[in-house]
Amino acid sequence: MLFKQLFDQDTWTYTYLIADPMTKEAVLIDPVNTHIDNYIQLLAEHDLQLKYTLETHVHADHITAGGLLRQRLGSETAVSQLCGAQTADIQIKDGDIFEFGEGEHIKVIATPGHTPGSISLLWRDRLFSGDSLFIGGCGRTDFQGGDAGALYDCITQRLFTLPDETLVYPGHDYQQRWVSSIMQERTTNPRLAGKTREQFIDIMANLNLPRPRLIDEAVPANRYCGLDENERQDAIVVRDKTRPIRHELSTQDLLTEAKQHISEVDTATAKKLLAEGHIVLLDVREESEYAAGHIDNALLLPRGVLEFKFAHVPELADKNKAILIYCRTGGRSALAANTLQSLGYTNVLSMAGGFEAWQNA
Ligand SMILES: [Fe+2]
């Protein structure tokens, strides 16, 4: 068998290629969009046919190459059914088996916690643990619907019960370590070894990590298998050139772009609309900001989890209902308004200047 561990320097992401040199069938796990040419070249070098691209979850730090590989090579994209990636060819469920090559199979183990739809993949004695389990760590659980308790349960009950010698290949490593084993993680992982569920939850609640640089771009894009709006139109069309690399867009660029597509109101207008009623008020700041002070009757739905949680908020069930969004200064709310519009909401407003302007008014 052919096995390669590939690395994306920009986001410290590992991508895995597994292929059967006899039948030529290949699978890529967590491919990164900026490396698509390398993947195509690598596949061509070994005369391989890409059957599947498998995502361990909807990534917040990079954009998947899955959609583009489907367009260029005809491979099938597979993402957990809990990720809300409706354009994926295959909606993965716990226990699914992906068959390829001569009797090879990759088994899906649901490992929710980093995100609700996170999975790990087991091929022979190798576990691809995505962002659920890292070498000496694990994925964060403070956004994208993360749940530290759920992560503890699935790591201790589903991964640490695999044979000790199972090799662990993570979705990232920030110190360029390549591989670990179940025994090594069970006995030495500082967040998990000898830790109770409560201790683990406490550790995860106090990591104080910065927000991922690319989250506003990557999460929505990955729900469409990494394709931008134009590319989503034409499903399986062979393309000669890769999409322009949007990787280099700064937050400011994203904001400028978002503001061109949304409607803003000032605080006085917002106040009037709220007084009239019939409008849902959405606070998209973080929980701690909301707790420190918010506008009366505002629903809390942080920007980082918007795409994952909006469908579960009863007040947002009617996509034609008027929605007023605010954040601290009006940036996040503009991005959130843009996102809600792309999800089909027809009457979305962002409050310019945010809660700061509201308090000053
Ligand atoms: Fe992740």
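This is a predicted model: local features need pLDDT of at least 70, side-chain atom pairs count only at pLDDT 80 or more; totals for chains, interfaces and linings use all residues.

Me: Into which domains is the protein chain divided, and what distance separates their centres?
Reply: The protein chain is divided into domain 1 (2-222) and domain 2 (248-360). Taken over C-alpha atoms, the centres of domain 1 and domain 2 are separated by 32 Å.

Me: How many residues does the contact take from each domain, and how do those of domain 1 divide?
Reply: Domain 1 gives eleven residues to the contact, and domain 2 gives eleven residues. On the side of domain 1 that touches domain 2, the residues divide into three charged, three polar and five nonpolar.

Me: How many helices and strands are there, and why is the chain as compact as a globular protein of its length?
Reply: The secondary structure comes to 13 helices and 17 strands. For 361 residues the globule rule gives 21 Å. The protein chain is as compact as a globular protein of that length because its radius of gyration is close to that value, at 22 Å.

Me: Does the span of helix 3 agree or disagree with its number of residues, and which of its residues are buried?
Reply: Helix 3 (residues 148-159) has twelve residues, which should span 16 Å at 1.5 Å a residue. Its end C-alpha atoms are 15 Å apart, so the span agrees. The buried residues in helix 3 are A148, L151, Y152, C154, I155 and L159.

Me: What covers the buried residues of helix 3?
Reply: The cover includes two strands, strand 9 (119-123) and strand 10 (126-130). It also includes helix 4 (182-188) and helix 5 (197-205).

Key:
Residues are numbered from 1 along each chain as its sequence is written. Domain bounds come from an automatic or database domain assignment. Two residues are in contact if their C-beta atoms, placed from the backbone, lie within 7 Å. Ala, Val, Leu, Ile, Met, Phe, Trp, Tyr, Cys and Pro count as nonpolar, Asp, Glu, Lys and Arg as charged, and the others, Gly among them, as polar. Helices (H or I, at least four residues) and strands (E, at least two) are DSSP runs, numbered from the N terminus. The radius of gyration is taken over C-alpha atoms; the globule rule is 2.2 Å times the number of residues to the power 0.38. The expected span of a helix is 1.5 Å times one less than its number of residues. A residue is buried if 20 or more other C-beta atoms lie within 10 Å of its own, exposed if 12 or fewer, and partly exposed in between; C-beta atoms are placed from the backbone.
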